[in-house]
Amino acid sequence: MTAPADPHIPVLLDEVLAALAPAPGETMVDATFGAGGYTRALLTKGARVFAFDRDPDAIAAGRALESAEAGLILVPAEFSALAGELDARGVPPVDGVVMDIGVSSMQLDRPERGFSFQGDGPLDMRMSQSGPSAADFVNTADEALIADVLWRYGEEPRSRRVAKAIVAARPLTTTGALAQVVRRALGHRPHDKKDPATRAFQAIRIHVNRELEELARGLAAAERVLAPGGRLAVVTFHSLEDRLVKRFLRERSGSTPAGSRHRPEAREARSPSFEPAAKAVRPSAAEVARNPRARSATLRTARRTAAAAWDAGAEFVEA
């Protein structure tokens, strides 16, 4: 996603607050704390907030706010774990969950985190700062897997050419080196509107952080923790994420056809766990002018019904 002019400007904040309608005494979950923009807004409405982030830097930066706000509890965990984390703390069903999906500006703007080729840095990209890095992936994965990741998560039409170039250039240890390999493979002219390395960086980042799997599991976790009438608000920044959220809400609201040649009949009928989703919301021209990060954002919201959450077998990963 595009970095914002100000890392503390939450995207579609007014629209998110309208959908969540936080009231004093309610319990909300900010599943992606980041710089704390949504959390701060929820706290000003008198809500108690459980804020999750898997990035140790985001949690460390938020400790001062946590100390100053009695209603804030920071949880250093992936948001896919939010159901277990809240249960372990004895938290009853919550009134709202907000998710702002993707890489944060704090991560993009620090070259040492290795998320962007705008500044040269180590080829890392790990949101949690643990586990295999982007360098581990590009230097050890076979060419076919690299091509599949570039095609699936970056929608790169010449994924095989790029994968071949990456393998030929190994070892790669910096963001600048990887960007140059991709540019040479695809052809790059200085006046091109979009850097051809953008798709590859997106794809590798999504793969390294298991972002679509995390989103799918996070949505199912939100379904489990929301009280009847609880509100879900999800902001996404590219089509892969948005399609996954759209499909989840269609399924859970009973709007998906019973079966097709691509999808078998459901094993049994399930009661809708969400009301039909509200119409997707995009940022206004004025917001995009204030905050360029908002340009590609889409907000989808829905309200929880009283029906039981669907079982874990109903979770999905692919959009």
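## A salt-bridge network

Glu 223, Arg 247, Glu 251 and Arg 252 are linked in a network of salt bridges. A salt bridge here is a side-chain nitrogen of Lys or Arg within 4 Å of a carboxyl oxygen of Asp or Glu. This is a predicted model, in which local features need pLDDT of at least 70 and side-chain atom pairs count only at pLDDT 80 or more, while totals for chains, interfaces and linings use all residues. Residues are numbered from 1 along each chain as its sequence is written, and side-chain values use heavy atoms, with hydrogens and water left out.

Helices (H or I, at least four residues) and strands (E, at least two) are DSSP runs, numbered from the N terminus. Glu 223 and Arg 252 are both buried. Buried means under 20% relative accessible area, exposed over 50%, and partly exposed in between (1.4 Å probe, protein chains only).

## Helix 11 against helix 12

The axes of helix 11 and helix 12 come within 10 Å and cross at roughly 30 degrees. That makes the two helices roughly parallel. Axes are lines fitted to C-alpha atoms, for helices over the stretch in contact, and angles run from 0 to 180 degrees between N-to-C directions. Angles under 35 degrees count as roughly parallel, over 145 as roughly antiparallel, 65 to 115 as roughly perpendicular and the rest as oblique. Helix 11 passes helix 12 in a right-handed crossing; the near helix is then turned clockwise from the far one by less than a right angle.

Helix 11 brings Glu 211, Leu 212, Leu 215, Ala 216, Leu 219, Ala 220 and Glu 223 to the contact. Helix 12 meets them with Leu 240, Glu 241, Leu 244, Val 245, Phe 248 and Arg 252. Contact means heavy atoms within 4.5 Å.

Arg 231 lies in strand 5 and Glu 26 in the loop between helix 1 and strand 1, so the pair ties together parts that are 205 residues apart in sequence. Arg 231 counts as buried at 9% relative accessibility. Glu 26 is buried too, at 16%.

Arg 205 and Glu 211 form another salt bridge through their side chains, at 2.7 Å, N to O. Arg 205 is buried, with a relative accessible area of 7%. Glu 211 is also buried, at 7% relative accessibility.

Six strands form an open sheet in the order 3-2-1-4-5-6, with mixed pairing. The edge strands are strand 3 (72-75) and strand 6 (298-303), each pairing on one side only. The twist averages 15 degrees from one strand to the next. Two strands pair if DSSP finds at least two bridges between them.

Strand 4 (residues 94-100) and strand 5 (residues 226-236) pair in the parallel sense over six bridges. Met 99 has Val 234 in strand 5 as its bridge partner. Helix 1 (residues 13-20) lies across strand 1 (27-30), strand 4, strand 5 and strand 6. Helix 1 runs at about 165 degrees to strand 5.

Helix 7 (residues 143-154) and helix 10 (residues 197-209) have axes that come within 8 Å and cross at roughly 100 degrees. Helix 7 is therefore roughly perpendicular to helix 10. Val 149, Leu 150, Tyr 153 and Gly 154 in helix 7 meet residues of helix 10, including Arg 199, Gln 202, Ile 206 and His 207.

His 238 sits in the loop between strand 5 and helix 12. At 15% relative accessibility, His 238 counts as buried. Leaving aside its neighbours within four places in sequence, His 238 is in contact with Gln 202, Arg 205 and Ile 206.

## Pro 272

Pro 272 is found in the loop between helix 12 and helix 13 (285-290). Pro 272 is partly exposed, with a relative accessible area of 36%. Not counting residues up to four places away in sequence, Pro 272 touches Arg 252, Ser 253, Gly 254, Thr 305 and Ala 307. Pro 272 and Glu 251 are 21 residues apart in sequence and 8.0 Å apart in space, C-alpha to C-alpha.
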